Amino acid sequence: MKTTLIITTYNWPAALKTVLLSILTQQHLPDEIIIADDGSNEETAILIALLRPQFTMPIIHSWQEDNGFRLSRSRNKAIALASHDYIILIDGDMVLDKHFIADHLEVAQPGYFVTGKRIKLGHPLSEQLLQAGKPASKPLSFFSLGITRGRELAIRCLWLHKKLSMKSPYSVTGIHACNMAFWRQDAIDINGFNAEFEGWGPEDQEFAQRLINLGRRRKTVKFYAVAYHLAHQENCRKNLSRNEKLLKQIQMSKSIHCALGLNEFAQK
């Protein structure tokens with residue numbers, strides 16, 4: 001099974017570099033990387049060009065004009081460009097454990113989408129990683145100083161994953177697309193992410209709700225597919241109330257499609 005890893009980013013090349021360097025340590029590399037760029041300046045493009053020779057797989061820079069927080073549209077553009085059947089989606093501030101891609105592939109299953117967890121790092125440790133400019137000589141772990149939330153999730157253990165992962169295949173509670181995986185065809189069948197979402201909001205939960213309405217089930221990965229979230233200032237939430245209404249509409253209507261999604265882009 002071949003995979004496309006999609007990484008979202010916006011004007012934070014230092015974080016994107018740290019994430020890309022963590023991909024180089026993977027025991028199982030993705031077959032393709034797409035950077036879903038929501039309008040970064042040329043510094044991000046320069047970084048990608050400099051790092052591209054270090055990778056054995058294609059790295060595609062999917063860029064759109066900076067016209068506000070349009071994360072859903074940016075993800076859709078990247079999904080439309082994806083060449084492979086299975087998509088792993090992360091944010092450009094998620095530093096990956098070396099087993100991350102392999103773990104996602106191990107739990108992948110037709111009829112399911114996968115949602116993972118994140119371990120939050122404090123500002124001092126985050127800054128240390130950002131300044132390093134190379135893969136960490138000592139990988140992050142449960143014992144790392146500077147973890148501020150979710151330390152227990154850094155324990156990678158298949159037995160714990162099977163025993164303690166949340167069993168709620170029809171719930172969208174706690175879903176974050178900073179660590180998510182799904183079949184590309186399933187995304188096409190629901191018309192991708194809802195691009196009516198602009199600004200920070202539960203666009204990832206709405207996407208998952210439509211997958212559930214399609215008949216797919218959620219598989220939650222805990223103590224597996226470990227990823228560390230770099231500290232940063234929270235995004236503006238001025239559109240949160242409007243965006244939450246969009247989610248409630250889908251939950252009430254049980255709709256599968258959104259009006260504005262992947263249909264905006266030519267699909268392969």
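Contact here means heavy atoms within 4.5 Å. The structure above is a predicted model, in which local features need pLDDT of at least 70, side-chain atom pairs count only at pLDDT 80 or more, and totals for chains, interfaces and linings use all residues. Residues are numbered from 1 along each chain as its sequence is written, and side-chain values use heavy atoms, leaving out hydrogens and water.

**Overall build**
- The chain holds nine helices and 11 strands, read as DSSP runs (helices H or I, at least four residues; strands E, at least two) and numbered from the N terminus.
- Along the principal axes, the C-alpha atoms fill a box of roughly 50 × 45 × 40 Å.
- Among contacts with a separation of 6 or more, 86% join residues 24 or more positions apart.

**Burial**
- Of the 268 residues, 54% are buried, meaning under 20% relative accessible area with a 1.4 Å probe, protein chains only.

**Nonpolar cores**
- A nonpolar core is a set of buried Ala, Val, Leu, Ile, Met, Phe, Trp, Tyr and Cys residues joined through side-chain atoms within 4.5 Å.
- The largest such core has 32 residues, and Ile7, Ile23 and Ile33 touch the most other members.
- Elements that each supply at least two residues of this core include strand S1 (3-9), helix H1 (13-24) and strand S2 (32-37).
- Leaving aside residues up to four places away in sequence, Ile7 touches residues including Leu16, Ile23, Ile33, Ile90 and Asp91.
- Another core, of 25 residues, lies apart from the largest one, with Ile87, Phe182, Ile188 and Ile212 among its members.

Note on methods:
Buried < 20%, exposed > 50% of the residue type's maximum accessible area, 1.4 Å probe, protein only.
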